[in-house]
Amino acid sequence: MADLRTTLLGLTLRNPIMPAAGPPGRDGAALLACAAGGAGALVAKTISTRAAHPPTPNMAEIQHGMVNTELWSEMPPERWLESEYALARSSGLPLIVSLGYTPDEIAELAPRVAPYADAVELSTHYVGTDPEPMTGAIRAAKAALKVPVLVKLSPHGEDMAGAARAAADAGADGVVAINSFGPVLSIDIETATPRLGGANGYGWISGPALKPLAVRCVRDICRAVDLPVVGVGGISNGKDAVEMIMAGASAVGVCTAAILRGPQMFGRIARELSDWLDTHGYASVNDIRGAALTRAWPSGLLPAPQIRDNCNGCALCVTACVYGAIHVVDGRVALDGEQCTRCGLCVTRCKLDAISWDVNTDTLYGSSP
Ligand SMILES: Cc1cc2nc3c(=O)[nH]c(=O)nc-3n(C[C@H](O)[C@H](O)[C@H](O)COP(=O)(O)O)c2cc1C
């Protein structure tokens with residue numbers, strides 16, 4: 001069985017799958033359930049200097065994910081300090097404590113959580129795109145703590161690399177990316193009402209719809225700074241975790257999949273990750289980390305995709321070929337190389353892997369494009 005042990009900021013994790021800050025870590029008992037469910041480390045719900053009072057309703061399942069307008073923990077910090085962190089620590093797993101938001105709030109909270117935290121994660125969710133509040137929060141945390149300080153970035157704009165560089169310059173020891181994306185709006189058409197409460201019904205999207213954005217952000221960050229990154233966003237199975245780790249993530253956070261399908265998802269994703277590594281001949285999860293950091297397709301026109309013998313003529317690709325380059329001939333599909341623009345959609349549309357690029361992966365660019 002492939003070795004999933006992972007080192008993150010000097011902490012040894014039995015596997016790299018952990019909750020992302022949110023309802024899976026809403027209190028000590030929930031965090032113990034994450035540990036029992038197979039997580040490699042624990043991340044508690046973000047706390048601030050006072051309890052949050054989110055609007056209701058504040059969570060809704062939508063196609064390909066969720067929208068939410070939760071805030072930080074609805075429990076006051078005193079409750080976490082009196083009982084919840086100690087309960088979580090009784091699991092024996094490393095505990096990452098999440099704090100929000102301003103430098104003043106972090107300066108107040110950091111020394112109080114120090115006895116319980118193996119690392120601290122700072123949420124930048126409500127601090128906008130100006131790096132100064134984030135860097136101020138990092139400096140406040142570093143001044144108060146001996147344990148590693150991670151900063152969790154929200155997916156604002158394109159310049160995740162710039163945000164990560166600012167975080168590194170301010171002294172962050174690691175990055176968590178990304179938080180949910182928004183604001184977004186989902187409307188229940190039966191009642192013509194936003195699915196979420198609050199003045200305008202806005203929320204933040206999470207789950208599978210977020211994954212390509214998260215993978216892009218993680219790879220941008222890993223290319224820009226030499227810091228460990230916890231990749232978060234849309235991870236719900238082992239292959240998702242492989243993708244995030246190939247983008248450069250040291251570990252992987254899961255929130256929506258654990259909300260919708262329970263805390264046993266951590267162990268399930270870890271097992272699927274291990275199975276994928278075994279099937280592909282990797283002895284350790286470390287062997288795939290950053291494998292896609294510098295990969296890119298060569299420029300210029302590719303050879304046309306090839307149809308393989310296992311094609312069953314289902315014609316999914318025929319319908320989706322907007323260039324009319326694929327036709328069914330004698331129960332199998334045939335591709336017209338003259339009409340084909342090499343867009344690649346058919347390769348990803350085929351459920352049998354019966355259409356593939358005839359490209360040796362060793363010929364792909366091996367350095368940053
Ligand atoms: C209901 C809900 C509550 C969340 N609360 C927090 C939070 O308190 N602190 C935080 O940093 N992120 C919070 N998040 C964001 C998640 O940690 C995560 O970054 C995001 O949902 C993307 O991951 P996912 O697709 O696995 O859910 C929350 C997400 C959801 C869905």
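Before the sheet, I noted that strands are DSSP runs of E of at least two residues, numbered from the N terminus, and that two strands pair if DSSP finds at least two bridges between them. My model is a predicted one, where local features need pLDDT of at least 70, side-chain atom pairs count only at pLDDT 80 or more, and totals for chains, interfaces and linings use all residues. Residues are numbered from 1 along each chain as its sequence is written, and side-chain values use heavy atoms, without hydrogens and water.

**Sheet.** I traced an open sheet of eight strands with parallel pairing, in the order S3-S16-S15-S10-S9-S8-S7-S4. S3 (17-19) and S4 (42-43) are the edge strands with a single partner each, so one side of each has no neighbour in the sheet. I then checked S4: two bridges join S4 to S7 (residues 95-99), and the two run parallel. Leu42 is opposite Leu95 in S7.

**Ligand.** Which residues come nearest to the ligand? I found Ala21, Thr46, Lys152, Gly234 and Thr256, of 25 residues around the ligand (a heavy atom within 4 Å).

A backbone N or O atom of Ala21 is 2.6 Å from a ligand oxygen. The side chain of Thr46 has an N or O atom 2.6 Å from a ligand nitrogen. For Lys152, a side-chain N or O atom lies 2.7 Å from a ligand oxygen. Taken alone the ligand exposes 610 Å², and the protein buries 97% of that (Shrake-Rupley, 1.4 Å probe).

Technical notes
Helices (H or I, at least four residues) and strands (E, at least two) are DSSP runs, numbered from the N terminus. A polar contact is a pair of N or O atoms within 3.5 Å; within protein, one must be able to donate a hydrogen and the other to accept it, and residues adjacent in sequence count only if both atoms are side-chain atoms.
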